[in-house]
Amino acid sequence: MTSITLRKRRFEFTPGTIFWFGLIGLLLFIGIVSALIVFKEGLVVTNLTNTVPWGLWITIDLSSIALGAGAFTLSAVVYIFGIQRFRSIIRLAVLVGVAGYTSALLTLVMDIGRPDRFWHPWVYWNVHSVLWEITWCITLYLTIMLVEFAPVIVESRFFNNRPGLRRFGHQLHKVAPFLAVAGLLISLLHQSSLGATYGIIKARPIWFKPSMPIMFIVSAIAVGPAVTMAVAYILEWVSGKRTVAHELLRTIARFSGLGLLVYAYIKFWDLLAVTYYGATPGSELAFRTLNLFTPYGFGFWVGEVFFGILLPVLIFLLPRFNRKPALLVFGALSAAAGILINRWNVTVSGLIVPVSYSPGTEYMLPPQAYTPALIEWGVALGVIGYIFLVFTLASRFLPIFETSEETQKLS
Amino acid sequence: MSNTIANPFIITLMLVGRCLVPLGIMLIISHYLHKWGWITDNNHADGDVHNPPLL
């Protein structure tokens, strides 16, 4: 048997890495201090109110779940459609998914106000609630992704002296297709239910519409793989090694471009339905209120439509653009920004328009503009630092671009 | 007004409609794409390089 000495991967402390780890440390420090203040003082230190109880954190939560959708989309491509050449990016897609879903849970723990009761949905079932279904789906899916990713962790050099764990990891790898299909089913549920949460808020004149679940899941399927593609390119630039075949990444970009076209089609029909076919005095008043208090129109047309759809579609689908990796990464970041702005518009703008009657209140709440407090930005920066840390450590220490078979051959 | 979401029939219908039907549609599409030769097993060569070893 040929033996190969594995080169130990260590960090070389160049000025660049020191700056990078300093930045991550600073972001994490700001995030942890902000989180501790929120835990000690409660949500009163935020700018969240009875009129706008969901803000920046829920926007991050919804966005990171959508952007982590590359895991289930690419799993479907490999395990349902049997297109085996995408197998080389599955591990990275699952890593992006794990980072996205854990970020979502981190912000949710901050947002629920009583983090000590995070386990209640698992014990005290409320089958009437879409949020209960989402809680179950997100936690189950995160568990599935962690099990899917476990073989990658035990293949790292930290487990060189644990052959039992390695064998267990390889066994686990064999059930990956079943896990992927289970994860796909759960994703089909919660990626649409996240939109349904807004769809069932009947009292909100703009956001009560059956198209919300469809738009949420289609946008996630379109943009999630593009984010995975962008991460693959960035890791390649940072490490200086070819990670995934460029033609494969271009195919993913084309898929995302077509997905964004489908999303745009549904979105424009939806816009017409709300503002023209199904316009009511309530929805017209809501739009006037939104434009008085927020830059809603600018955010929609420039943020969601131009940067979120038009620009990435052109970059992903036109051959002269999608041959250039830098443009593909720019397109993916632009599409991700579009998702972020869309989730912000749905969450915050939807709530700024007050309900005419709210249980427990005898009067109509006033419309209220919302700007995140510094402490909310602090937590958001901490989450960004956490994502940077996950990708830095994973790309350095974990075999995310090697298949299990290749690793077996090496050992 | 009765709450329809507590109805076991509705819950089952939602599970089938939102979960199993899309999976079934994907499997049928996949079957025909393979049958018509749009997806082949030997499609590794499409990429510019096969994954180069990292070591």
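Mentor: Let us begin with a term: a helix axis is a line fitted to C-alpha atoms over the stretch in contact, and angles run from 0 to 180 degrees between N-to-C directions. The model before us is predicted.

Trainee: At what angle do α4(A) and α9(A) pack?

Mentor: Helix α4 (residues 90–111) of chain A packs against α9(A) at about 110°, and the two axes are 10 Å apart.

Trainee: Why are α4(A) and α9(A) called roughly perpendicular?

Mentor: Angles of 65 to 115 degrees count as roughly perpendicular. The angle here is about 110°, and α4(A) and α9(A) are therefore roughly perpendicular to each other.

Trainee: Which residues meet where α4(A) and α9(A) touch?

Mentor: From α4(A) come A:L92, A:A93 and A:V96, and they meet A:V227, A:T228, A:V231 and A:A232 of α9(A). The residues of this contact comprise six nonpolar, one polar and no charged.

Trainee: How do you know that α9(A) is largely enclosed by the rest of the structure?

Mentor: A residue is buried if 20 or more other C-beta atoms lie within 10 Å of its own. In α9(A), 21 of the 29 residues are buried, so this helix is largely enclosed.

Trainee: What span is expected of α9(A), and what does it reach?

Mentor: At 1.5 Å a residue, 42 Å is expected, and α9(A), residues 211–239, reaches 42 Å from its first C-alpha to its last.

Trainee: What follows α9(A)?

Mentor: A:G240 follows, with a positive phi near 75°.

How values were computed: Residues are numbered from 1 along each chain as its sequence is written. Chains are lettered from A and ligands numbered from 1 in the order in which they are written. This is a predicted model: local features need pLDDT of at least 70, side-chain atom pairs count only at pLDDT 80 or more; totals for chains, interfaces and linings use all residues. Helices (H or I, at least four residues) and strands (E, at least two) are DSSP runs, numbered from the N terminus. The expected span of a helix is 1.5 Å times one less than its number of residues. A residue is buried if 20 or more other C-beta atoms lie within 10 Å of its own, exposed if 12 or fewer, and partly exposed in between; C-beta atoms are placed from the backbone. Angles under 35 degrees count as roughly parallel, over 145 as roughly antiparallel, 65 to 115 as roughly perpendicular and the rest as oblique. Two residues are in contact if their C-beta atoms, placed from the backbone, lie within 7 Å. Ala, Val, Leu, Ile, Met, Phe, Trp, Tyr, Cys and Pro count as nonpolar, Asp, Glu, Lys and Arg as charged, and the others, Gly among them, as polar.
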